[in-house]
Amino acid sequence: MMFRAAVEHAKKHPGLIPQFFFICLGMGGASLYLIRLARGPHVTWDKTNNPEPWNKLDPTYQYKFVAITTDYKNLKKEGPNF
C-alpha cells in the first residue's frame, strides 16, 4: 500500500524518483552494515557452545573496518591460549 502510494507520487512528480532511489540505497547500505556488525567476531549469539569467540581469533586478524595506523601482519600474540 505504501509502495503503491510512492509510485503514484513518482508518476505525478518525476523529480521524486532520484530521492526515492537514494533513500532506498541508504537504507540498504545501513541494513548491510548492521548485518556485518552482527556477524562480527566480538558478537556472541550462542553463549552455551561458544561463550568467548574472541579468544579464538588470530592476532593478525583485522577485525576493524578501517585500520589506518595498525599493521596486523606484524602483531604477535601476547598471553596464554585459553
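Visitor: Is P53 buried or exposed?

Guide: This is a predicted model, in which local features need pLDDT of at least 70 and side-chain atom pairs pLDDT 80 or more, while totals for chains, interfaces and linings use all residues. Residues are numbered from 1 along each chain as its sequence is written, and side-chain values use heavy atoms, without hydrogens and water. Buried means under 20% relative accessible area, exposed over 50%, and partly exposed in between, with a 1.4 Å probe and protein chains only. P53 has a relative accessible area of 15%, so P53 is buried.

Visitor: Which residues does P53 touch, not counting those up to four places away in sequence?

Guide: P53 lies in the segment after α2; helices are DSSP runs (H or I, at least four residues), numbered from the N terminus. The C-alpha atoms of P53 and H42 are separated by 6.8 Å, and the two residues are 11 apart along the chain. Contact means heavy atoms within 4.5 Å. With residues up to four places away left out, P53 touches P41, V43 and T44.

Visitor: Is P51 buried or exposed?

Guide: P51 also lies in the segment after α2. Leaving out residues up to four places away in sequence, P51 touches T44 and D46. The relative accessible area of P51 is 52%, so P51 is exposed.

Visitor: What is the angle between the planes of F21 and F22?

Guide: The structure holds 1 aromatic pair. F21 and F22 form that pair, 5.2 Å centre to centre. Rings of Phe, Tyr and Trp (its six-membered ring) pair if their centres lie within 6.5 Å; planes under 30 degrees apart count as stacked, over 60 as edge-to-face and the rest as tilted. The F21 and F22 pair is edge-to-face, with an angle between the planes of 70°.

Visitor: What is the relative accessible area of F22?

Guide: F22 is found in helix α2, residues 16–38. Both F21 and F22 are exposed. For F22 the relative accessible area is 53%.

Visitor: Which feature does UniProt place at residues 16–35?

Guide: Over residues 16–35 the chain is 100% helix and 0% strand, and the end C-alpha atoms are 29 Å apart. UniProt positions follow the numbering used here, feature names are shortened, and annotations may be inferred rather than shown by experiment. The unreviewed UniProt entry places there the feature "transmembrane region".

Visitor: What percentage of the 82 residues in the protein chain is buried?

Guide: The protein chain has 2 helices and 0 strands. Among its contacts between residues at least 6 apart in sequence, 9% join residues at least 24 apart. Of the 82 residues in the protein chain, buried residues make up 6%.
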